[in-house]
Amino acid sequence: MKIEHNYLPEQYEKTNEASVNHNYLKEQFSDYKEIFEKIEILIKNCDYTLGKDVDEFEKNICELTGSKYAIGVGSGTDALFLSLKALGIKEGDEVITTPYTFFATIGAIVTAGAKPVFVDVKEDYNIDPEKIEQAITTKTKAILPVHWSGLCCDMDKIMTIAKKHKLSVVEDACHAINASYKGKRPGTFGNTGCFSMHPLKNINVWGDGGFIITDSQELHDKLVLIRNHGLINRDECAIFSYNSRLDSLQAIVGNHLLKKVDDITNARIKNATYFDQELLKISQIKVPKRDPNIKQVFHIYVIRAENRDELQKYLVQNGIDAKIHYPIPMHLQPAAKNFGYKKGDFPIAEEICDTVISLPIHEFITEEQQKYVIEKIRGFYNGNQS
């Protein structure tokens with residue numbers, strides 16, 4: 001197995017060639033000079049780690065989500081990992097989750113010492129609550145649902161199961177900032193909600209960053225300790241722990257974008273609505289049903305397509321940055337070989353991975369670009385591939 005030292009620079013260069021791009025950071029931060037002014041104040045104050053800007057950011061997140069507490073951490077992955085550790089997840093425990101997710105979800109479970117136990121998904125790409133109970137054993141300690149592409153899971157059913165079996169719930173809401181389920185924010189149902197501010201998330205920063213929300217003071221106190229070496233104060237350590245602090249600089253960027261979160265969300269929903277109505281006219285494309293009780297925020301716009309691989313190549317050739325999120329489900333990854341799963345164990349997740357394709361959906365896509373994307377997809381299936 002060849003391991004590349006750093007494959008990202010080449011990937012960035014290749015992506016930049018597209019005329020309709022998933023990457024929108026240049027436009028997102030076109031007002032970077034406003035951020036520079038705040039960073040200048042930071043440089044004068046020298047509070048680079050867990051400074052006043054982090055306190056302000058955590059307060060802003062509580063106001064946005066309605067949660068009692070917010071804890072800024074180093075990444076969305078750390079948010080998941082630290083949540084599991086704060087809940088006492090350890091070696092020998094099992095955590096139920098979905099096989100259709102990003103690697104970080106499973107990586108957090110495994111590095112916390114537990115075994116991921118997979119449950120198949122529904123046609124909306126989210127974990128199927130009807131299949132959770134049959135996966136519960138005496139070793140099960142938590143459920144970790146993923147709000148895929150900003151679509152909230154069926155949290156009523158998941159929380160009913162969790163309470164019945166006395167299980168913790170850690171919500172992977174890394175895609176779902178500003179979403180809602182029956183009027184309530186994702187991340188506020190379970191013991192904790194975990195969010196990412198990776199550069200391509202809806203609210204993003206200049207590097208990695210994340211945060212955890214919770215209504216539990218006990219969990220808040222544990223998380224505040226374990227994100228910062230277990231320190232009570234400068235001179236006393238309650239437990240030897242991790243270093244996963246949200247940098248003040250990243251909090252400044254996060255605070256800057258939080259002022260725009262509704263505009264960002266509304267633009268993505270508008271773009272997705274247009275794609276939905278046009279793609280529903282193409283029989284070879286399968287658009288998920290949209291639940292009116294769920295506000296989906298479309299971190300990515302995911303559909304299923306016949307002849308997916310050929311369609312993706314065709315779109316890329318025509319300057320459209322179509323991607324596949326993701327071609328291999330988690331239970332079939334090389335890293336999962338010791339868990340005992342095999343092809344066919346989760347047929348819906350596997351079928352989704354074989355057919356799914358993502359189109360650029362961010363707030364800077366123009367109507368003209370969207371029409372071009374539809375034109376090319378329609379032309380591909382009509383045989384007008386020019």
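**Asking how we know**

Me: Which residues does Leu25 touch, not counting residues up to four places away in sequence?

Reply: Leu25 touches Pro199, Leu200 and Asn204. Keep in mind as we go that this is a predicted model. Leu25 itself sits in helix H2, which covers residues 25–28.

Me: What makes Pro199 a contact of Leu25?

Reply: A contact needs heavy atoms within 4.5 Å. Pro199 is one of the residues that pass this test with Leu25. A C-alpha distance is another kind of value: Leu25 and Val205 are 9.7 Å apart from C-alpha to C-alpha, while 180 residues separate them in sequence.

Me: Why is Leu25 called partly exposed?

Reply: Its relative accessibility is 23%. Buried means under 20% and exposed means over 50%. The value of 23% falls in between, so Leu25 counts as partly exposed.

Me: How do you know whether Asn126 is buried or exposed?

Reply: Asn126 has a relative accessibility of 1%. The limit for buried is under 20%, so Asn126 counts as buried. You will find Asn126 in the loop between strand S3 (115–118) and strand S4 (140–144). Its contacts include Val121, His147, Trp148 and Cys152.

Me: And Tyr125, what puts it among the buried or the exposed residues?

Reply: Tyr125 has a relative accessible area of 4%. With the cut-off at under 20%, Tyr125 is therefore buried. Tyr125 also lies in the loop between S3 and S4. Its phi is positive, about 85°, although Tyr125 is not a glycine. Asn307 is another non-glycine residue with a positive phi, near 50°, and its place is in the loop between S11 and H11.

Me: What lies around the largest cavity?

Reply: Tyr125 turns up again here. The largest cavity is lined by 13 residues, and Tyr125, Ser149, Pro288, Arg290 and Gln296 lie nearest its centre. The lining divides into eight nonpolar, two polar and three charged residues. The space in this cavity is about 70 Å³.

Me: What makes a space a cavity and not a pocket?

Reply: In a cavity, a 1.4 Å probe fits but cannot get out, whereas a pocket is open. The second largest pocket holds about 260 Å³ of space. Among its 13 lining residues, the closest to the centre are Asn16, Asn21, Asn23, Lys26 and Glu27.

Me: Why is a group of residues called a nonpolar core?

Reply: The name is used because its members are buried residues of kinds such as Phe, Ile and Met, joined through side-chain atoms within 4.5 Å. In this model the largest nonpolar core has 50 residues, and Phe57, Ile96, Ile132, Met155, Ile203 and Phe211 have the most contacts inside it. Helix H3 (32–45) and strand S8 (210–214) are among the elements that give it two or more residues. Ile96, for example, touches Val117, Ile132 and Leu144, among others.

Me: How do you know that S11 and S12 pair?

Reply: Two strands pair if there are at least two bridges between them. Strand S11 (residues 301–305) and S12 are joined by four bridges, so they pair. The two strands run antiparallel.

Me: What makes S9 and S12 edge strands?

Reply: The open sheet has the order S9-S11-S12. Strand S9 (285–286) and strand S12 (356–359) each pair on one side only, and they are the edge strands.

Technical notes:
Residues are numbered from 1 along each chain as its sequence is written. This is a predicted model: local features need pLDDT of at least 70, side-chain atom pairs count only at pLDDT 80 or more; totals for chains, interfaces and linings use all residues. Side-chain values use heavy atoms; hydrogens and water are left out. Buried means under 20% relative accessible area, exposed over 50%, partly exposed in between (1.4 Å probe, protein chains only). On a 1 Å grid over the protein atoms alone, a cavity is a set of points where a 1.4 Å probe fits but cannot get out, and a pocket is an open set with protein on both sides within 12 Å along at least five of seven lines; lining residues have an atom within 4 Å of a point. Grid points are joined across faces, edges and corners, and a volume is the space filled by probe spheres set on the points. Ala, Val, Leu, Ile, Met, Phe, Trp, Tyr, Cys and Pro count as nonpolar, Asp, Glu, Lys and Arg as charged, and the others, Gly among them, as polar.
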